[in-house]
Amino acid sequence: MIISTKKNPEQAQASNRILIGTEIIGDFTSNGDLRIDGKLKGNIKLEGKLVIGENGAVEGEVLCKNATIAGKLKGKSQVTELTTLLATAMFEGDLYTG
């Protein structure tokens with residue numbers, strides 16, 4: 001989902017999803033939120049919340065406002081506010097959080 005926040009300011013907090021079976025290689029940037037149930041190898045920069053589902057996997061650097069991790073995350077993460085690691089989370093790397 002690609003949204004221009006200049007043309008559609010009411011959709012600035014749009015939610016994006018990477019579903020099970022989807023694998024992305026590359027960087028991801030958004031003004032909104034992101035839920036990952038598939039796989040992403042690259043850097044993530046969000047102004048909203050990152051959710052990594054139980055089946056989700058991320059390898060790369062993460063910069064976001066809030067994060068809830070139930071799946072796999074490998075890399076450096078900078079979360080400006082709240083980070084929640086659930087019992088199923090597998091984290092490898094550095095975590096900086098408010």
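## Surroundings of K74

In this predicted model, K74 touches V58, E59, G60 and E92, where residues up to four places away in sequence are not counted. K74 itself belongs to strand β11, which covers residues 72-74. With a relative accessible area of 42%, K74 is partly exposed, because that value falls between the limits of 20% for buried and 50% for exposed residues.

A further spatial relation involves M90, whose C-alpha lies 8.2 Å from that of K74, while the two residues are 16 residues apart in sequence.

## The open sheet

An open sheet is formed by 5 strands in the order β3-β6-β9-β12-β15, and their pairing is parallel. The edges are taken by β3 (28-30) and β15 (95-97), each of which has a single partner strand, so that one side of each is left without a neighbour in the sheet. On average, and with direction ignored, neighbouring strands of this sheet are turned by 5° against each other.

Within this order, strand β9 (residues 62-64) and strand β12 (residues 77-79) are paired in the parallel sense over 3 bridges. The bridge partner of V62 in β12 is S77.

## Strand β1 and its partner

Strand β4 (residues 33-36) runs parallel to β1 and is joined to it by 4 bridges.

Methods:
Residues are numbered from 1 along each chain as its sequence is written. This is a predicted model: local features need pLDDT of at least 70, side-chain atom pairs count only at pLDDT 80 or more; totals for chains, interfaces and linings use all residues. Side-chain values use heavy atoms; hydrogens and water are left out. Helices (H or I, at least four residues) and strands (E, at least two) are DSSP runs, numbered from the N terminus. Buried means under 20% relative accessible area, exposed over 50%, partly exposed in between (1.4 Å probe, protein chains only). Contact means heavy atoms within 4.5 Å. Two strands pair if DSSP finds at least two bridges between them. Axes are lines fitted to C-alpha atoms, for helices over the stretch in contact, and angles run from 0 to 180 degrees between N-to-C directions.
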